[in-house]
Amino acid sequence: MAEWRPVVRAFGAEPACTTRPPLVQVMEAMDKPCLYLVGAYHDPQGIGLQICHALLNTFHKLSDRGAVLALACLHTTNTLPGRRPATVHLAVDCKTGEPSPSCFEDRGPELSRRHAYRQCRHDKSLLSIWNSSDSVLVIPGFDAALPSWHTMYLERMMALPDHRFLQESSTSPDVERDVFVADIRGSYQFLIDAQESGTLLEPMAFRWSSGKWQVATDVGHAFAAKEQNSVMIIQ
């Protein structure tokens with residue numbers, strides 16, 4: 001997964017890093033935050049171990065705020081025989097605090113655009129696109145303009161067969177989900193098409209209605225607010 005290395009840096013694994021991650025800033029404002037950590041399997045490259053060290057070191061510094069580590073399924077504990085992650089998704093019942101492996105059956109609208117948006121952001125932190133107060137999913141607008149060399153790179157990648165595409169676009173190709181290649185290809189094609197159809201993309205909002213996502217046209221006020229949020233959920 002190409003995004004893992006920036007995450008390691010963001011959590012302070014490198015001494016030169018002075019920017020506090022948005023997640024830490026949020027937790028500093030909480031009273032006795034409860035932590036559930038799942039991921040970072042024992043991979044051959046050792047990236048998972050780096051992530052474990054960075055996460056635990058960062059959260060240890062919050063112990064004076066009463067942070068409680070409720071679950072730590074990390075590294076070897078989250079690794080199956082053959083060096084595959086045991087789980088990559090987690091849901092927590094907010095009433096009981098009971099955790100369980102889980103994922104979204106429906107991953108939401110405009111998935112290719114959301115992946116493409118993340119590639120175009122300089123800030124690689126996660127962005128929440130769900131507005132719980134209005135029950136609206138908001139996808140920010142962005143400029144999808146790319147240098148010509150970047151567009152040529154995406155076009156060359158799209159010409160590769162799936163097995164080569166997987167090897168070139170993932171740092172853990174042996175354990176990617178079945179949807180990985182289709183997801184990344186979708187984002188690449190979205191960006192390529194945007195160079196022709198127009199790169200300045202307006203925000204979009206959706207509501208779940210009648211068993212499907214439908215465009216919401218009455219939430220213009222939510223767009224500006226979501227642009228200020230710092231915690232894109234794309235899984």
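This is a predicted model: local features need pLDDT of at least 70, side-chain atom pairs count only at pLDDT 80 or more; totals for chains, interfaces and linings use all residues.
**Salt bridges, a helix face and a tryptophan cluster**

Let me begin with Asp183, which counts as buried at 11% relative accessibility.

The partner of Asp183 is Arg107, and the two form a salt bridge in which the closest N and O atoms are 2.8 Å apart. Arg107 lies in the loop between β6, residues 99-100, and α4, residues 111-120, whereas Asp183 belongs to helix α7, so this pair ties together parts that are 76 residues apart in sequence.

The N to O distance for Arg185 and Asp162 is 3.0 Å. Here the two partners are placed as follows: Arg185 is buried, with a relative accessible area of 15%, while Asp162 is partly exposed, with a relative accessible area of 47%. Arg185 has a further neighbour, because the cut-off for a charge over a ring is 6 Å from the ring centre, and Arg185 lies over the face of Phe165 at 4.5 Å from that centre.

How many salt bridges does the count come to? The count comes to three, and the one I have yet to mention is formed by Glu168 with Arg164, whose closest N and O atoms are 3.9 Å apart. Glu168 and Arg164 are four residues apart in helix α6, and are thus separated by about one helical turn. Glu168 is partly exposed at a relative accessible area of 47%, and Arg164 likewise counts as partly exposed, at 38% relative accessibility.

Let me turn to helix α5, residues 148-158, whose buried residues are Thr151, Leu154 and Met157. Seen down the axis of α5, these buried residues fall within an arc of 120°, so they line one face of the helix. In general, an α-helix has 3.6 residues a turn, so residues three or four places apart point the same way.

A brief word on helix α4, where Arg114 is found. Arg114 is buried, with a relative accessible area of 2%, and its C-alpha is 7.3 Å from that of Ile139, although Arg114 and Ile139 are 25 residues apart in sequence.

Finally, the strands and the aromatic residues. Strand β11, residues 204-209, pairs with strand β12, residues 212-215, in the antiparallel sense over four bridges, and Ser209 stands opposite Lys212 in β12. The hairpin of β11 and β12 has two residues between the strands, and within this hairpin Ser210 takes a positive phi near 55°.

The structure holds four aromatic pairs, one of which joins Trp130 and Trp213 edge-to-face, at 6.3 Å centre to centre and with 80° between the planes. Trp130 lies in strand β7, residues 130-131, and Trp213 in strand β12, so the pair ties together parts that are 83 residues apart in sequence. Trp130 counts as partly exposed at 36% relative accessibility, and Trp213 is partly exposed too, with a relative accessible area of 24%. Ring pairs link Trp130, Trp208 and Trp213 into a cluster, and with that cluster I will stop.

Terms used
Residues are numbered from 1 along each chain as its sequence is written. Side-chain values use heavy atoms; hydrogens and water are left out. Two strands pair if DSSP finds at least two bridges between them. Buried means under 20% relative accessible area, exposed over 50%, partly exposed in between (1.4 Å probe, protein chains only). The arc is that of the directions from the helix axis to the C-beta atoms. A salt bridge is a side-chain nitrogen of Lys or Arg within 4 Å of a carboxyl oxygen of Asp or Glu. Rings of Phe, Tyr and Trp (its six-membered ring) pair if their centres lie within 6.5 Å; planes under 30 degrees apart count as stacked, over 60 as edge-to-face and the rest as tilted. A charge sits over a ring if NZ of Lys or CZ of Arg is within 6 Å of the ring centre and within 35 degrees of the ring normal.
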